[in-house]
Amino acid sequence: MARAVRLSDYAGATVMALRREASSTLHAIGLPSGLSGLAGVPDALAVRPEDVYAANPERGAAMLGGRFVLAGETLVVDGPQTAWLQPAPTRAFARRLHSFGWMRDCLAVASKDDADSADFVRRFVDEWIAHFGRWNSFAWSHDILSARLLNWLRCGEVLFNDADEARKARTIRFKSLLRQARYLQRSLAIAPDGTTRLQCAAALALTGLCLPGQDSLQRAGFQALAREVQRQILPDGGHVTRSPRACSEALIDLVTVREAAQSAGADLPQDIGRAIDRLAPMVRFFRMSDGGLASFHGGGEGDRHALDAVLRHDDTQARPFGFAPHSGYHRAGAGEATVLLDVGNAPRGPLSTGAHACALAFELCTAGGRLVVNCGWHDDQPASWREAVRATAAHSTLILDETSSARLFPPGWRRDLLGPRLATAPASVTARRNEEEMGIWLEGIHEGYREDYGLSHRRRLFLAADGGDVRGEDALFRPVSDGAPEDVDVRWRFAIRFHLHPQVRASLSRDSMSALLVQPNGDGWRFRTDGGPIRLERSVYLAAGAPPQRATQIVVQGEAEPFGAGDRPPNRVRWAFQRLGQVGGAEGETG
């Protein structure tokens, strides 16, 4: 286990906190808005970017009726004005509300000439400007501000280009849009590193492209975006946070900027184009056979509609590759089965605020849908779940002594200063791959338990060529370099967890040494292990969006010898998922 935070991280976080506090103070006392030199306000957007994200008309209809359900919480409002005056149930709810991503849901509701939903959205925006348009430390924080700019521009036809609406109202919105963009331009250097800073750069570039006469914003956005993609997009196309979600959202934002640049006749920096060319194959790498993303490091299944739309712009149409060495993932595909295995080091420092303790976790998707999953995350979920699903126990991997392989700072001054980043993480994760005619072998080793327990965790995984046989082996061993075991009498319990998708029905055999798994299409799989008896326990699945879904997990438990006893049992457990074919309506197994 290695410390993920250095002394320099404390110093850097302190300096950044002081800079942000100074910026907040200056704006709170009335720093000039940056609009004094504006010669004129546009009449309409020069470019109208495509909104590729899927809308939810049912949720939109509830909002039109005054019932907002965001981040797992509900707020009932009488109208646009009271929405901004009422206290939000949680900070997560307020972030979603002030980001305005919910506008597309409202606009998707079929109403009389669509005038009701459009007017509803415009009134909410206008009331927000009246209450928060000058500046607000929360509503203008970089993650919320950049998301709001992107969402306003993606709904620009309603907000800025409706010729039937009074010009005065559109002018007020344009002025607010420019004021926010100018603030973003000035304060980009103090934006949180990682996905937030990349999103800020994309929002700045898109604003400069969509608004006529804003060449300075466009140039600043292009420069910032080119700089950030060089820093954040890895050579294999992954994102430095190792998050499939971050990778997909970066691709969506960059493609949106590229399409807007083409419409505006602007020359896109080559670094941005090259980043898109790397990102697109990596997003395909992270997509499971059901079209959604694998759930690792703070993400969920993602928006399939947006993924399909943005990948249609991929000129390479490259097939998914097998190993992403810089991102730290192995992918194996055979028949109609897909396996994704996490074999990378956890991100460090400020890039780890969304990281999970998921070393050597895997997901398995078959023709019948997702079979083995991680609990995952989605921003629509209640914030109370966020920390729990970052733990090792929320992933399909081995956990020793109920201790996560990477750990967060407990509540206190360190977390207040540094944010919810990792305090410790595995010192190293290594991996090997071997492809044969009979199938694909994957292997990974992580050292997350070596310092405290003297043990390393090795996982071997095999996917047969027909996709119908997935075998694995988990071992806890004492590295040879550590010398002879210490003379201690302690044995630690370990558990190997296999979280099942909510739509998978599971039942134990009579001897509790195997389980029958039935997918929604009737496909049956048998799970076997030599480490039983096994248990079926409750789990939860958050990757598909709110509300949390009840699920089941298979748990294999054992005892690890003190400081390792080599590869002999009970330090080694072998297991397998084997396809049975159509099981139909089977409710259980009789042995």
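Reader: Where does Gln 553 lie?

Author: Gln 553 is part of strand S21. One caution at the start: this is a predicted model.

Reader: Why is Gln 553 called buried?

Author: Buried means under 20% relative accessible area. Gln 553 has 6%, so the residue counts as buried.

Reader: What makes the pairing of Gln 553 with the side chain of Arg 497 a polar contact?

Author: The cut-off for a pair of N or O atoms is 3.5 Å. The side chains of Gln 553 and Arg 497 meet at 3.1 Å. That value is within the cut-off, so the pair qualifies.

Reader: Which backbone atom does the side chain of Gln 553 reach?

Author: The backbone oxygen of Arg 538, at 3.0 Å.

Reader: Where is Pro 547, and what kind of peptide bond joins Ala 546 to Pro 547?

Author: Pro 547 sits in the loop between strand S20 (534-541) and strand S21 (549-560). The bond from Ala 546 to Pro 547 is cis, with omega at about -5°.

Reader: Let us turn to Leu 364. Which strand is it in?

Author: Strand S7, residues 362-366.

Reader: How do you know whether Leu 364 is buried or exposed?

Author: Set its relative accessible area against the cut-off. Leu 364 has 0%. Buried means under 20%, so Leu 364 is buried.

Reader: Which residues does Leu 364 touch, not counting those up to four places away in sequence?

Author: Met 288, Ala 337, Thr 338, Val 339, Arg 370, Leu 371, Val 372 and Val 470. Ala 324 is another reference point: 40 residues from Leu 364 in sequence and 18 Å away in space, C-alpha to C-alpha.

Reader: Which residues does Pro 192 touch, not counting residues up to four places away in sequence?

Author: Arg 20, His 142 and Arg 197. As for Cys 375, it is 183 residues away in sequence and 26 Å away in space, C-alpha to C-alpha.

Reader: Why does Glu 402 count as exposed?

Author: Exposed means over 50%. Glu 402 has 55%, so it counts as exposed. Glu 402 also has a positive phi, about 55°, without being a glycine. Its loop runs between strand S9 (398-400) and strand S10 (407-408).

Reader: What is found at the start of helix H2 and after it?

Author: H2 covers residues 57-64. At its start, a side-chain oxygen of Asn 56 comes to within 3.2 Å of the backbone nitrogen of Glu 58. After H2 comes Gly 66, with a positive phi near 95°.

Reader: How many helices and strands does the protein have?

Author: 16 helices and 22 strands.

Reader: How do you know whether the radius of gyration agrees with a compact globule?

Author: The rule for 591 residues gives a value near 25 Å. The protein has 25 Å, so the two agree. The C-alpha atoms fill a box of roughly 75 × 55 × 45 Å along the principal axes.

Reader: How many of the 591 residues count as buried?

Author: 57% of them. The protein exposes about 24300 Å², and carbon and sulfur atoms supply 49% of that.

Methods
Residues numbered from 1 in each chain as written. Predicted model: local features only at pLDDT ≥ 70, side-chain atom pairs only at ≥ 80, totals over all residues. Heavy atoms only, no water. Helix = DSSP H or I, 4+ residues; strand = E, 2+ residues; numbered from the N terminus. Rg over C-alpha atoms; globule rule 2.2 N^0.38 Å. Buried < 20%, exposed > 50% of the residue type's maximum accessible area, 1.4 Å probe, protein only. Areas by Shrake-Rupley, 256 points an atom, 1.4 Å probe, with all protein chains shown as cover. Polar contact = N/O pair within 3.5 Å; in protein donor to acceptor, adjacent residues only side chain to side chain. Contact = heavy atoms within 4.5 Å.
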